[in-house]
Amino acid sequence: MLTDEQLAKMNTLHDKAIQIDPDFIDAYRAEIEMNLVHFFLVTTGNEGNATIGKTDSLVQRLNEIAPNDPRTVAVRAIYKYSVFKDYAGAKEMFMKYVAENPNDAQAFYNLARCCKRLWHFDESLDSCKKAMTLDPRNC
């Protein structure tokens, strides 16, 4: 797990990348994902609110520069799932994403998580199997 210092350093690097190229989708995506992991594993109280506030701003900016880019759709789905607990909304977004990106094992894993939360166990199992088929070492 990243320490607060390591996370701050990585966020600084992502911020620099975004300053150099304000349309650098992967820099936004990486920082959003890191912030979400940090938020759920480490932060509490005001620090957590600040992390979500910054993450929300990054998601909004990503929506402005590339609303239909598959990476944006995936990040928005993760955000819906993680922050808002909108499992049905996240599932819908992941379904759209995997239809366009059928070789993304992580997306199938995330889809399986959504289905599990919604008690759609057959769909969850199917998505897990697909993820394991695509990337057996990491799923």
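Student: In this predicted model, which residue forms a salt bridge with Glu33?

Tutor: The model is predicted. The closest N and O atoms of the pair are 3.3 Å apart. A salt bridge needs a side-chain nitrogen of Lys or Arg within 4 Å of a carboxyl oxygen. The partner of Glu33 is Arg29.

Student: How are Glu33 and Arg29 separated in helix H2?

Tutor: Both residues sit in helix H2. They are four residues apart, so the separation is about one helical turn.

Student: Is Glu33 buried, partly exposed or exposed?

Tutor: Buried means under 20% relative accessible area, and exposed means over 50%. Glu33 has 29% relative accessibility, so Glu33 counts as partly exposed.

Student: Which residues are linked with Arg29 and Glu33 in a network of salt bridges?

Tutor: Arg71 and Asp26 meet in a salt bridge at 3.2 Å, N to O. Arg71 lies in helix H4 and Asp26 in helix H2, so this pair ties together parts 45 residues apart in sequence. Along with Arg29 and Glu33, the network links Asp26, Asp69 and Arg71.

Student: Asp23 forms a salt bridge with Arg61. How many residues apart in sequence are the parts that this pair ties together?

Tutor: The closest N and O atoms of Asp23 and Arg61 are 3.4 Å apart. Asp23 lies in the loop between helix H1 and H2, and Arg61 lies in helix H3, so the parts tied together are apart in sequence by 38 residues.

Student: How many salt bridges does a search of the whole structure find?

Tutor: The pair Asp23 and Arg61 is a salt bridge. So is the pair Arg71 and Asp26, because a Lys or Arg nitrogen within 4 Å of a carboxyl oxygen qualifies. For the whole structure, the search finds ten.

Student: What is the geometry of the Tyr79 and Phe84 ring pair?

Tutor: A search of the whole structure finds three aromatic pairs. The ring centres of Tyr79 and Phe84 are 5.5 Å apart. Their planes stand at 85°, so the pair is edge-to-face.

Student: Is Tyr79 buried or exposed?

Tutor: The cut-off for buried is under 20%. Phe84, at 52% relative accessibility, counts as exposed. Tyr79 has 6%, so Tyr79 counts as buried.

Student: Which residues lie nearest the centre of the largest pocket?

Tutor: The largest pocket has a volume of about 520 Å³. Its lining comprises 22 residues. Helices H2, H4, H5 and H6 each give two or more residues to that lining. Nearest the centre lie Ile78, Ser82, Gln106, Asn110 and Arg113.

Notes:
Residues numbered from 1 in each chain as written. Predicted model: local features only at pLDDT ≥ 70, side-chain atom pairs only at ≥ 80, totals over all residues. Heavy atoms only, no water. Phe/Tyr/Trp six-rings, centres within 6.5 Å; stacked < 30°, edge-to-face > 60°. Buried < 20%, exposed > 50% of the residue type's maximum accessible area, 1.4 Å probe, protein only. 1 Å grid on protein atoms, 1.4 Å probe; cavity = no way out; pocket = protein on both sides within 12 Å on 5 of 7 lines; lining within 4 Å. Points joined across faces, edges and corners; volume = space filled by probe spheres on them.
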